[in-house]
Amino acid sequence: MSEELGVTVKKSENFSEWYTQVVKKAELADIRFNVKGFLVHMPWSVRAMKLMYRAFEEELEKRGHQPLMLPSVIPESNFEKEKEHAEFKAEVFWITEVGSERRKLEERLALRPTSETAFYQMYSLWVRSWRDLPMKRYQSCQVWRHETKATRPFIRGREFWWIEAHDAFATREEAEAQVKEDAEITERVMHKLFGIPFLFFQRPEHDKFQGAVHTYAADTVMPDGKVLQLPSTHFLGQNFARAFNIKFVDKEGEERHVWQTCYGPAIWRIFGAIVAIHGDDKGLILPPEVAPIQAIVVPIFFKGTEREVLKKARAIERAIVGGGVRAKVDVREEYTPGWKYNYWELKGTPLRIEIGPRDVEKGQVVLVRRDTGDKINVEDEELLKKIGKVLGDIQSNLIRRADEFFEMKRSKAKNMKELKTCLKKKGGLVRVNWCGEEGCADLIKSETGGGEIKGTLFGKDEKPSGKCVRCGKRAKQVVYVGKMY
Ligand SMILES: [Zn+2]
């Protein structure tokens with residue numbers, strides 16, 4: 001526990017410093033591990049991320065995915081098989097030697113930067129007939145990439161934690177339908193449970209994943225107006241199926257290549273978005289769905305009443321835990337109730353339950369909401385029902401607030417002057433018309449100081465009604481521009 005408990009800067013005035021302080025003071029991560037770009041994850045963030053993993057895994061499994069655990073090393077030759085994907089080699093950490101004699105390995109091994117080339121090596125052995133399809137598998141794991149940009153806890157690092165789902169189908173239509181399903185999973189889990197709003201884009205050609213036919217990604221907007229890429233889905237067509245020889249015999253006895261997609265919700269980065277988007281000047285605010293402790297019970301002791309108050313606090317903890325709420329009594333005697341309030345507010349615990357001697361007498365407790373600060377007196381008998389209701393209210397309030405902020409960060413621009421003003425004044429995502437030329441995209445990026453074309457809205461088919469925002473030629477697409485993390 002750091003000496004100075006509270007966050008000392010306002011989120012709206014210095015978001016970057018606010019974020020750094022919250023990560024440290026709410027004890028989410030320790031950045032002092034002695035390898036650059038690698039992070040020590042502390043219990044509070046680990047417990048939250050485990051809940052996040054479970055939410056995504058349940059949704060994936062409901063939709064026919066099964067879990068696997070693959071090796072963390074991939075031989076270099078696997079990367080060579082798909083020509084475009086081989087570009088990934090530039091970001092890879094390589095294992096080249098073993099043992100105290102430093103014997104050279106015959107083939108370099110990559111610490112997986114992503115696992116297409118591990119999964120598909122195995123899919124080529126497992127897929128034989130149409131009966132084996134669709135094959136939908138995922139793994140929850142960490143990956144390593146040698147990032148050269150500045151690292152930031154939970155946003156960009158050389159090691160990060162995610163889920164990767166890899167699906168193989170008999171037909172193109174099924175693979176395309178999977179892209180839609182991935183967008184739905186993202187909506188159900190990331191938006192409805194974690195409260196992170198997003199737009200789901202099809203990325204422009206020049207911004208595709210190496211080896212993909214199309215890349216799709218969910219982008220959100222951070223409090224400083226910069227855009228953060230969250231789960232992405234890649235429609236791989238038959239590129240990897242050809243490279244890895246993944247074939248099946250169809251019902252007519254014909255041998256065919258499978259169609260593939262992959263989906264990568266980066267739990268680590270989504271957690272960073274939760275921290276950034278929901279938090280306030282007092283620290284973190286966790287949506288109830290991901291809060292390791294949803295209700296913290298704080299007994300307020302006065303001389304002579306300790307036993308009764310603690311007894312009631314424990315009884316309430318038992319009752320609400322029994323009712324399915326993650327709750328705990330803060331029994332530490334060395335801290336005052338006021339200090340504990342600040343401590344749990346900093347940690348983002350959605351609900352606080354205060355119990356003093358008078359509450360024991362009256363047969364009630366006081367509930368305090370982290371998101372609004374509202375205090376509610378509740379009679380003991382009503383407590384469990386009320387907690388369920390208030391946690392639900394907090395959840396929907398956080399989603400509503402995040403949605404409103406996201407909407408506020410969307411704008412439209414007809415020309416470069418407007419685009420520059422929008423990006424400078426509020427950041428976010430700016431809707432523009434674009435001719436589709438990569439050259440224009442490059443000019444937009446350099447002239448706006450980093451505004452990138454994030455793509456067209458998935459499933460919307462928006463028709464451009466004006467000219468390209470940069471060159472004035474006929475526009476082919478409606479796209480969204482934002483400055484990225
Ligand atoms: Zn143009």
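Reply: Helices here are DSSP runs of type H or I with at least four residues, strands are E runs of at least two, and both are numbered from the N terminus. By that definition there are 13 helices and 23 strands in the protein. The model is a predicted one.

Me: Which domains does the assignment give?

Reply: The domain assignment gives domain 1 (15–278), domain 2 (288–393) and domain 3 (410–483). The C-alpha centres of domain 2 and domain 3 are 49 Å apart.

Me: Why is strand β8 called largely enclosed?

Reply: A residue counts as buried if 20 or more other C-beta atoms lie within 10 Å of its own. Ten of the eleven residues of β8 (residues 159–169) are buried, so this strand is largely enclosed by the rest of the structure. Strand β7 (residues 135–144) pairs with β8 in the antiparallel sense over ten bridges, and Q139 stands opposite E164 in β8. Strand β14 (residues 259–264) also runs antiparallel to β8, joined by five bridges; there T261 is the bridge partner of D167.

Me: How do you know that strand β5 is hardly covered?

Reply: The count of buried residues among the six residues of β5 (residues 93–98) is zero. Two bridges are enough for strands to count as paired. V98 has R103 in β6 as its bridge partner. The two strands form a hairpin with four residues between them, and G99 in the turn has a positive phi of about 75°.

Me: Why is K412 called partly exposed?

Reply: The term applies between the limits for exposed, 12 or fewer neighbouring C-beta atoms, and buried, 20 or more. K412 has 13 other C-beta atoms within 10 Å, so it is partly exposed. The residue belongs to strand β20 (residues 410–412). Beyond its neighbours within four places in sequence, K412 is in contact with V430 and R431. Y480 is 68 residues from K412 in sequence, while their C-alpha atoms are 8.7 Å apart in space.

Me: What makes up the largest nonpolar core, and which members touch the most others?

Reply: This core has 126 residues, of which M52, I196, I267, I270, F271 and I274 touch the most other members. Helix α7 (residues 267–278) supplies the largest share, nine residues. In soluble globular proteins, nonpolar side chains tend to be buried together. Apart from neighbours within four places in sequence, the contacts of I196 include I270, A273, I274 and I277, as well as A402.

Me: Which residues of helix α1 are buried, and what covers them?

Reply: The buried residues of α1 (residues 15–25) are W18, Y19, Q21, V22, V23 and K25. Their cover includes β1 (29–30), α7 and α9. Just after α1, E27 takes a positive phi of about 55°.

Me: What makes β16 and β19 the edge strands of their sheet?

Reply: Five strands form an open sheet in the order β16-β15-β17-β18-β19, with mixed pairing. β16 (327–329) and β19 (375–379) each pair on one side only, and they are the edge strands. From one strand to the next, the twist averages 25°. Within the sheet, β17 (residues 351–355) and β18 (residues 364–369) pair in the antiparallel sense over four bridges, with E354 opposite V366 in β18.

Me: Which helix lies across β15 and β17?

Reply: Helix α9 (residues 337–346) lies across β15 (295–299) and β17, running at about 170° to β15. Helix α11 (residues 383–408) packs on the sheet as well, touching β15, β17, β18 and β19, and its direction makes about 5° with that of β18.

Conventions
Residues are numbered from 1 along each chain as its sequence is written. This is a predicted model: local features need pLDDT of at least 70, side-chain atom pairs count only at pLDDT 80 or more; totals for chains, interfaces and linings use all residues. Axes are lines fitted to C-alpha atoms, for helices over the stretch in contact, and angles run from 0 to 180 degrees between N-to-C directions. Two residues are in contact if their C-beta atoms, placed from the backbone, lie within 7 Å. Domain bounds come from an automatic or database domain assignment. A nonpolar core is a set of buried Ala, Val, Leu, Ile, Met, Phe, Trp, Tyr and Cys residues joined through C-beta atoms within 7 Å.
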